[in-house]
Amino acid sequence: MAISSEGVISNAAQMFREVKDIVKFEFYLGEVKIITKDDVNVFRADYSLNSDTQIEELSAAIRSGNVDLVRCIINTIFNSYRINGFDINRVRACGIELYIIIIKHCEDCEISKRIKNITKINECNTVSEIKDFILNTATALAKKTYDSVISGQNRVIEKVIRYVHENIHDENLTLQYIASKILYLNVDYLGKLFKKETGMRFLNTC
């Protein structure tokens with residue numbers, strides 16, 4: 001049920017238009033039974049959305065494994081749908097487009113499975129359900145990337161430590177040598193990574 005502002009009978013047409021406008025927000029408010037103008041005023045602020053920029057930022061956040069940034073960007077995108085008063089079909093269409101962009105970051109073997117799940121967006125009854133579905137997909141991919149990066153960094157440091165143990169008496173044993181001749185990495189990067197992973201500078205371990 002939607003309730004307009006108070007008014008006299010001569011303003012009935014205007015109040016009816018207001019009710020029709022308010023009803024559009026039922027999709028966003030979920031199980032709320034009565035909707036008033038006050039319930040939707042929060043969506044009326046001016047909002048400028050640069051979708052191309054946000055999509056680029058979202059893609060970069062997924063590729064870098066930044067789960068918190070992924071969550072923040074998706075929340076912002078869905079807030080823009082509310083603020084701009086998108087109806088249910090527009091939100092679903094935008095959600096499908098966003099979902100396709102996100103699953104492009106999957107490994108090839110996962111894409112077919114993710115594409116089949118796209119029908120779940122049409123089964124959602126509220127914007128919160130669509131957002132949660134997309135958010136869960138995006139954060140899962142970002143976390144997988146993050147775990148892969150961390151695992152790779154751990155393997156690099158394990159190689160450094162193993163090489164040090166096996167060549168501890170070599171007078172030429174330096175981080176520069178290991179970085180350039182063994183791991184083919186930038187020595188500054190390797191030094192910072194070693195400090196981050198072990199809590200010690202390389203020289204302190206030798």
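**Buried cysteines, nonpolar cores and overall fold**

C124 counts as buried, at 8% relative accessibility. Buried here means under 20% relative accessible area; exposed means over 50%, and partly exposed lies in between (1.4 Å probe, protein chains only). C106 is likewise buried, with a relative accessibility of 8%. The structure holds zero disulfides, a disulfide being a pair of cysteine sulfur atoms within 2.5 Å.

The model is predicted: local features need pLDDT of at least 70 and side-chain atom pairs count only at pLDDT 80 or more, whereas totals for chains, interfaces and linings use all residues. Residues are numbered from 1 along each chain as its sequence is written, and side-chain values use heavy atoms, with hydrogens and water left out.

The protein comprises 12 helices and two strands. These are DSSP runs numbered from the N terminus (helices: H or I, at least four residues; strands: E, at least two). From the N terminus, the order of elements is β-α-α-β-α-α-α-α-α-α-α-α-α-α. Of the 206 residues, 32% are buried. The accessible surface is about 13,100 Å², and carbon and sulfur atoms hold 51% of that area. Areas were computed by the Shrake-Rupley method with a 1.4 Å probe; for residues, only the protein chains shown count as cover. Among contacts (heavy atoms within 4.5 Å) with a separation of 6 or more, 59% join residues 24 or more positions apart.

In soluble globular proteins, nonpolar side chains tend to be buried together. A nonpolar core is defined as a set of buried Ala, Val, Leu, Ile, Met, Phe, Trp, Tyr and Cys residues joined through side-chain atoms within 4.5 Å. The largest such core has 27 residues. L58, V70, I74, F78, I102 and I134 have the most contacts inside this core. Two or more residues come from each of α4 (51–64), α5 (67–83), α6 (88–103) and α9 (127–166). Helix α9 gives the largest share, eight residues. Residues up to four places away in sequence aside, L58 touches V70, I73, I74, L98 and I102. Another core lies apart from the largest one. This other core has 14 residues, including I157, L175, A179 and L183.

T137 lies in helix α9. T137 is buried, with a relative accessible area of 4%. Beyond its neighbours within four places in sequence, T137 contacts Y99, I102, I103 and R114.
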